[in-house]
Structures are given as structure tokens and as C-alpha cells.
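Okay, thanks for coming, everyone.

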Amino acid sequence: MGKFAFSFQQLVHFEDQPKDWEKIVFQSHRHDTLGFCLWKQLVNLPDDLKQILPPSDLDVCKTLRVLEPWMAITTGHHGVPPNFDPYLTNFTSDNKQAALDFLKQSLKIFPHCLIPLSFGSRENKEKIKRFSWIISGVVVLCDWIGSNSRYFSWSSEPMPLEDYWQIALQEAEQAVQKIPTAPQPEKYQGVNFLFPFICRPSPLQQAVEKIEINDVEGPKLFILEDLTGSGKTEAALILANRLISAGEAQGIFYGLPTMATANAMYSRLIDVVPKLYERGEVPSLILAHSRNKLMNTFTSSVFTDQFAKSDECNGEIDNHAGCSAWFTDSKKKSLLADIGVGTVDQILMSVLQFRHNNLRLLGLRNKVVIVDELHAYDAYMAKVLEELIKVLAFLGSHIILLSATLSIQQRAGYIKAFKSAFPKDTKYGSNQLTPHYPWLTYISSNTEKSLPIASARSLRFEISWLYELSQCIRFIHETVRAGKCIVWIRNTIDDALSAYRELIHDPEINAEDVLLFHSRFAFVDRQRIENQALESLGKRSCAEQRSGKIIISTQVIEQSLDIDADEMISDLAPIDLLIQRSGRLHRHIRDREGRVVSTGADTRSSPILHIFAPRWNENPCEDWYSSTFRGASYVYPNHGKLWLSQKILRENSVVKLPEQARELIESVYGCDVQYPEGLRESEEKELGKYFGDRAFAAQNLIRFGAGYRAGENVGMDDPTDLVASDDNYFSGHVSTRNSERSINLWLARIDDGEIVSYAGGVSPQDWEASRLTVREGWLKNNINHEDFVSDELLEQWCQKYKQRKQTSQILLISDSCVFYSPKEGLIGKSNK
């Protein structure tokens, strides 16, 4: 309807356009908003309304109230609810008459269309509001397909609407036949069929295989808590397999905190996915994040696309890849694939005010949504995740949450969010929060179970304290002389770089055996470093490859790499991260020489986690932590939790997991912990930030209960109310993470007077391999302006490669530049 507006029509010049048409003043609105505005104007024309409204036993006023959300759904077909401007001048009287004539003719095409009396009930109106997000996603998808000129050819020949409708039906039938069909699920055949390498399922895996999941229809929440490396991933996929086989879901989305962990999970799922469906079926497996084109397993797994990019919605990525190229021609559509793997950001966007969030919700509706590394999300992300859990529960989806270090308070928040989707009078059986670990939680619409699980894996390591940098260096010398390998996890890039430089210039250390790993490397270098780390310390590494190897890393190593260190040093960090880091210490079973063994116990000397920390102080001052770790004090600003982490580990010089896991976590994150006087101000600031971040997240959420509509000021109760929309709603200024704005930094070289990517070449893949992401403030403070390309050149490049100039920069590097190298990455002024 919005395309009848003169402002839209004048985009193309016609001979019969009004004289002086260039002088007509109108507002700048898209045609989706124009269509909704036209409807709001038409509802005040009762004589015309009678000719365009379908028949109904409801009176006109109630009919208009029923139609209001449907008009928002259909006119808002570009992924955001349409706004309303009461002062709109985009339609001339001729435009309005043409639109009315079109609506009258459209009604004749659907002679059996009517508005049921039941649509007027309060209960159904509330349901329509909530399901409007899903229905609007279907409308977006239909508009996407209908805008494809391969199947819907352009026509300038005038014809009756009835004739055009018959042509459109035939074209639509051909188009729909090309959409990938849903694969038929395979019957559940047990753990060994899904994972042949599992000879003996872990207790958690046995529990999820036996738990009753068909006792009640509707959404289900599972929380799996167990140690790192205990098989939680396999347990979650066993649950998902059972739910899919039972017809309760069609697919899976697996969300992880980083692109590196998503890449690793994608590789693990390639062999599993075909077993979820009947033989001969071709399920779509999509890696849903911005660097998916750089994963070889992804780019080689897809067929030829059956759909060209839509002519209207500007597909965002090339149709280069396979088993579901139809889904990959837009990142927004990728969640519609049968199996998706990506960063958790991809699913958080479905409940934040992002364009096409409705399409994301549509893709998640019939899926098992798995969220891993639950402890890795801060207050802002946790609030958004809670809302996502509530919305998914309302839509009937199943959720599986995984964590090795979840506090009881965090766990309770996610459970509360899930339960909020059900009537308030829903009764659950008594379920005391016992401090057991490992733990399996299962909740449905009327059931809540918490099951203690036996441990499949036990960890025992000693705690040793290092208080001086020189002590850390001496210990590394001892480790290298003993022919062992070591990992030192530092809390900041600057600290990691400082340690790396000291070691490569140390006469007792072979510089080629030292590897630096952090987040400020271009992807092509980061991939090389990851491969080197896995070669030296991975599961297949032999004694010769491991001997004397040193990895200096930041937190990126906690989750992304499956490595096994003989020795480890960690800077003091919150207790959950220290537990996570310890999972890389003696991770694989080896003999005394460092060779992997398939059976028996690890015969290396007892593992020790060496923690580099400030000297212990029962009554610390405000600068207790920052005096030793200046940079890290900003990374972990809650110094009270750091002090509590050191306190509980000093009281337990030997850590036994899983026996002590709950005690360790609750000693730092419990509700009744006590902070020393000198650190209370720090804690109070962090508490204020915690609530502030959650409040900020709440502002950025969609108003799910209000339905797919513009801001709160729109008159839903009275559709004739001409009140302007809330301009801030869906304004685009939201993020999945509450952090300083990041800049995409593209590294480039000058080659024969032309700009080429750092990776070599000018293809989108070459540029993506040359990208890294840095904080905007850091970039301004550490890189000289003259090292960037000119604004004019950046503008041209962004247009060519479809990048946003506001969040992009091209940094010119050379072999002699001091701010980037393949071994050190991007460094700041203070490190040059």
C-alpha cells in the first residue's frame, strides 16, 4: 500500500506526473511505514472502510482493533515494526483513491475472507500480539521470495488484478518448490550411534538418555552443569536428538561465546548432523557468524544456490557455499537452517531491537536452542538471555544451557525467566536448591526436577603462589630444562606482550619455542597461531613436539583451543575463570614422557596451578590489586571477587573437582559473601554497574508482550488515535554486548600503487582474513592518523565491499612498520 504514495512513485519519472511535482514537499519514509500511515488515515473514513473490510460479526470499531496488529504485521515487511507519522503528506488524493481501488479489487480475489468473532476475545488478542513477531517473520520471508525476479518477472503491461493474481500464483508455486524442505528425523538409536567414539557414556550422558521428556507437551528447559571436558556437549546433543526424534523439534541452534568456539563446534557437528535425520536427507548446517566464509569446512559443504539474491532486500553475502546456500545468502536467514552454529549474539539479536529480529525468532521457534559456556556472559548479556529464554518458552522451543561454573544465583535467574512464560498460578513440586555438583535440571510447564549426577571426571591439582615476575620467569626456565611445556595465561594483551618479549630475548630460552596468542591478530595470523598451538600442545602432540614449548596467552585460550599443558601459570582472576583455565592443565591422559595414552591414569607429576597474584593481605587497601596489575584492574574491576578468589584458594591448597566446585563458586558469587572494608567501595561500584547494565539491556529489548508494533505511543487500543510513534524504538542503536564500540580494522598493503589486503588479494575472503576488531578508544589512542588510508579511499572501499564506514578503518602496514607483526599482532604506542 505504501508504494501508492507519490513520494515512492516519483522515484521513477512518468509522462503523466503532475506539473511542478518536484516542488511537492513530503517526508522521507520507507514504503512499509507509508503503508501503515495510509491505513491509519483510512480508518477515519467510515464510508470507504465499508468497501475494503472483510465481513465480520464484530462491529466496525472492534473489527478495526482486531485488524490493527495485522496491518502492522503486513505493512512492516522489511523487518521492523512500521512507524506512524500523523503529519504525513506523502499521499495525494489521487494516490489514496488508487490505493482504495486496489483494496476493493483485492477483496474480490478472496471472497471467502472473513474476520472470526473469536478474534475479538481478550485471550486471542493477547495471543495475536505475542505471535505477531513470528507471523511478521513469515511475512518478511514471503516478501523476500516474492521480490525475486528469477521467479517473479517484472511486468509493465496493464492488466486486471484478477489476471495478474493467476500469473503470480503460478510463479509462486515454482518459487516455493525451490525452498529447501524439512528433512525427516531419524529414530533415536542411542549414544554409540551418534558418537561411535564413546565406549562408555558418562553419568550425565546416561542421565539425559533416560530422563522422561515426553511426559508433557510444550517447551522444556534443561541445565547441564559439569566439569570442562566431561562430555556436556555430547549430552546436550543426545537430548536434542531425542527431542527431534520425538517430533518436538525440527532442528538445533548451538550458541557459543566466541567465533573461535563456534568454529570448533561446527567442525564437531559435521559428522553428527546427518545422523539426526533419515538416510538420504540433506539437512542444512550453517555457521552463523561474520567470518564463516573463512572456515574451509563451511565453504566446501554447500551446493549451488537455487535463489538469486532478492532484488529488494539486498542480500549481504555471496552465494558461495553449500548444503544450504539458500539460507546463506543472508546472515539474517541463516537461523532458518535446520542446524545452526554461531556466536550467542546471533540468537540474542532475536529479542533486541534489531532489524529482522522477527525472522530470527521464526527460525528459532521449532528448534532446540543450546547455549554453551553460560558463565561467560556478563550482566547485560545475561539479562538479554533471560528474555530470550522467556520468549522461546512462550513460543514452544526447548532450551539447553551448559556451564562448568554456574552460580546458584545465576541458575535461579534463568529458571525464573523460563517459568515466567507460564501462567502465574502454575504449581511446581517442592525443589530445594541443594548444593550438589554435577547437576541436571529439567523444567517443563508443570514439572521441575533437579538430579544429582555422578562425576565422570575428577580433577585434582595443587595451588602454588607466585608474587614476583622474576619468580614466574624462573619457573618457566625450570619447566623448559625439564623438557616440559607450559602455558602462561595473562589478563591483558600488554602484560602478555611484555612477558613474550622478555622470554624471546632470554638466553636460556629458544625464541622459536615461544608463541604469543591474543585477540589482536588478523584472522590469517590467528589461524596460523592456533594451528601451531594445537601442533605443539594439542591432543595429537608427541613428546618431541611438546618439549620446551611456551605459550603466552590472554583469556582467548580459555575456551577456544583443546590444548594440554604440563605446567601452567595464571594471573589472578575470578574463581570461575581460574577453574576454566585449569581445564587446560593435564587435559589429556599422558605418560611421564608426554605421550598420549588411551587407558589408565596420567603418570605425569601431580598437576599444579601456579597463580601470579598480589601478596596476600587480610585487610587489603583499595589499590591491593591495581598496584600489581594496573591494566588488569580495568579488565576485572570487581577487586573484591578477586580477593575472595585468592582467599578460598589459600584455604584449599589442593583443589578437588567436582567435589569442591560448588563451594568454590559460591564462596565468591554467593549472596552472603563478605568483602573486606578496603574493597567495599569497589564492590559497591560494581554492584551499581551490574544493575545499570541490566537496566540498559531491558531498554534495548523488544516489547514482546505488546506485539509487533512501533513504540509505546501508538494507539493500539484505539486504532483511530493518530499519535506519533516512539522514534527511539528500533532506532538501530543497540548491541548484543554492552561494551565500547568496536572498529573493524582491515590490514592492507600497497602493491604496485594498488591497495591489496594483508592476506594478499582483493577478494572479500582475502579482506576478511585480514580483519581484526579493536576498541574504538584504543585505536584512537594508539595508532597515528597518517597510518590509515584517506577518508575518500575508505569511502570507496566501503561502497565496493558493502561495509559501514562508521565502524571500519583500513590500516596500511609494511615490512618495516612497528605497530603490527605476524608474531606480536597489533600493538599500542606504549609497546613499540
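So, K802 is exposed, with a relative accessible area of 66%; on this scale buried means under 20% relative accessible area, exposed over 50%, and partly exposed in between, using a 1.4 Å probe and protein chains only. K802 also has a positive phi of about 55° although it is not a glycine. You'll find K802 in the loop between α30 (791-801) and β19 (808-812). About those labels: helices (H or I, at least four residues) and strands (E, at least two) are DSSP runs, numbered from the N terminus.

Before I go on, a word on the model: it's predicted, so local features need pLDDT of at least 70 and side-chain atom pairs count only at pLDDT 80 or more, while totals for chains, interfaces and linings use all residues. Residues are numbered from 1 along each chain as its sequence is written, and side-chain values use heavy atoms, with hydrogens and water left out.

Now, is H356 buried or exposed? H356 is buried, at a relative accessible area of 7%. Its phi is positive too, about 65°, and it isn't a glycine either. H356 sits in the loop between α14 (345-348) and α15 (357-364).

Why point these out? Because most residues other than glycine have a negative phi, and most peptide bonds are trans. P438 is in the loop between α17 (408-419) and β7 (439-443). Another cis peptide bond joins L657 and P658, and there omega is about 15°. P658 lies in the loop between β15 (654-657) and α26 (661-669).

V368 stands opposite H398 in β6. Contact means heavy atoms within 4.5 Å.

There's also an open sheet of 7 strands, ordered β11-β12-β10-β13-β14-β9-β15, again with mixed pairing. At the edges, β11 (514-517) and β15 each have a single partner strand, so one side of each is left without a neighbour in the sheet. Here the twist averages 20° from one strand to the next. Strands β10 (residues 486-489) and β12 (residues 550-553) run parallel, with 4 bridges between them, and W488 stands opposite I552 in β12.

Helix α20 (residues 523-537) packs on that sheet and touches β10, β11 and β12, its direction making about 135° with that of β11. The buried residues of α20 are F523, D525, R526, I529, E530, A533, S536 and L537. They cover an arc of only 155° around the axis, which puts them on the same side of α20; that arc is the one made by the directions from the helix axis to the C-beta atoms.

Technical notes: Pairing = 2+ DSSP bridges. Axes fitted to C-alpha atoms, helices over the stretch in contact; angles between N-to-C directions.
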